[in-house]
Amino acid sequence: EISNFEYLMMLNCYAGRTYNDLTQYPVFPWVLCDYESETLNLNDPAVYRDLSQPMGMLGGESRRQAAREKYSVLQSMGSEPYHYGSHYSTAGFVLYYLIRLEPFTSYHVILQDGNFDYPDRMFDSVAVTWQSCVKSTTDVKELIPSFYHLPEVFINNNGVDFGVKQNGRAIGDVVLPPWAHGSPHEFVRIMREALESEYVSQHLDEWIDLIFGYKQRGPAAIEPCRSEDV
């Protein structure tokens, strides 16, 4: 018997994903949907994300309808149709999450033509990032393994000056959910516990079908996006 973390790492490896390639970096799912509560009950199914749906279909009917309309318009124009023009994993997304660690800090600067990205677009808050991933029509990114084993991802140990946001907040350590009590180690511990929970163990195969399995392309990939009862 192996853990869900180990199983996902094996699947990523078999799929050709590797830590050595930012464009094919290992991908992990968001498994929780509550990043605002003071406490978290991992026995409550309501705190978990629907793993049967791609990120682009989460967040409300208006977002899902916008994706369906885009697909229909492109199809009517004779173009190859798609529901959303972004992806769940790109080199930019990997660097977005890992920007506080070298060599990824330097890679980020290279990607941005010698500069850091605008502070308001940088990874500053887990809750804000989650909300973007389930509300924005252009943001459907999943997570990386570090969220489940590497607290240093959330700490600006190198004291890098990433700039100041429009609200006056300097980009430093990542703002964590209240249930993490300000501790990156506690955040990672709870995230890992959620990943290994009974709920995720029962539904992880649905997410695997979306990312690695038969729902990647074709009719099976379209079906979840057609359903209005998501």
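Q: Which ring face does Lys141 lie over at 5.2 Å from the ring centre?
A: That one is Phe93. Keep in mind that this is a predicted model.

Q: And what about the ring at 4.6 Å from Lys141?
A: That is Tyr96, and Lys141 lies over its face too.

Q: OK, over to Thr129. Which residues does Thr129 touch, leaving out those up to four places away in sequence?
A: Thr129 touches Trp30, Tyr96, Tyr97, Phe123 and Lys141. So Lys141, which lies over the face of Tyr96, turns up again here, and Thr129 itself counts as buried because its relative accessible area is 3%, under the 20% cut-off.

Q: Nice. Where is the place of Thr129?
A: In helix H5, which covers residues 126-135.

Q: Let's switch to aromatics. How many aromatic pairs does the structure hold?
A: There are 22 aromatic pairs. One of them is Tyr48 with Tyr199, a stacked pair with 4.7 Å centre to centre and 20 degrees between the planes.

Q: What parts of the chain does that pair link?
A: Distant ones: Tyr48 is in the loop between helix H1 (4-14) and helix H2 (61-76), while Tyr199 is in helix H7 (residues 198-211), 151 residues apart.

Q: Is Tyr48 buried or exposed?
A: Buried, with 5% relative accessibility.

Q: How about Phe147 and Phe187, what kind of pair is that?
A: The pair is edge-to-face, because the planes are at 70 degrees, and over 60 counts as edge-to-face. The ring centres are 6.3 Å apart.

Q: Where do those two sit in the chain?
A: Phe147 is in the loop between H5 and helix H6 (184-195), and Phe187 is in helix H6, 40 residues apart, so this pair also links distant parts of the chain. Phe147 is buried at 0% relative accessibility, and Phe187 is buried with a relative accessible area of 0%.

Q: Which residues do ring pairs link into a cluster?
A: The cluster holds Trp30, Tyr35, Tyr96, Tyr97, Phe123, Trp130, Phe147, Phe154, Trp179 and Phe187. Among them are Trp30, Tyr96, Tyr97 and Phe123, which Thr129 touches.

Q: Last topic, the surface. Which residues form a nonpolar patch there?
A: Ile2, Tyr7, Met10 and Tyr14 do, with about 430 Å² of accessible area together.

Q: And where is Tyr7 found?
A: In helix H1. Tyr7 counts as partly exposed, at 37% relative accessibility.

How values were computed
Residues numbered from 1 in each chain as written. Predicted model: local features only at pLDDT ≥ 70, side-chain atom pairs only at ≥ 80, totals over all residues. Heavy atoms only, no water. Helix = DSSP H or I, 4+ residues; strand = E, 2+ residues; numbered from the N terminus. Buried < 20%, exposed > 50% of the residue type's maximum accessible area, 1.4 Å probe, protein only. Contact = heavy atoms within 4.5 Å. Phe/Tyr/Trp six-rings, centres within 6.5 Å; stacked < 30°, edge-to-face > 60°. Lys NZ or Arg CZ within 6 Å of the ring centre and 35° of its normal. Patch = residues over 30% accessible without salt bridge, like charges linked within 9 Å, V, L, I, M, F, W, Y side chains within 5 Å. Areas by Shrake-Rupley, 256 points an atom, 1.4 Å probe, with all protein chains shown as cover. Salt bridge = Lys/Arg side-chain N within 4 Å of Asp/Glu carboxyl O.
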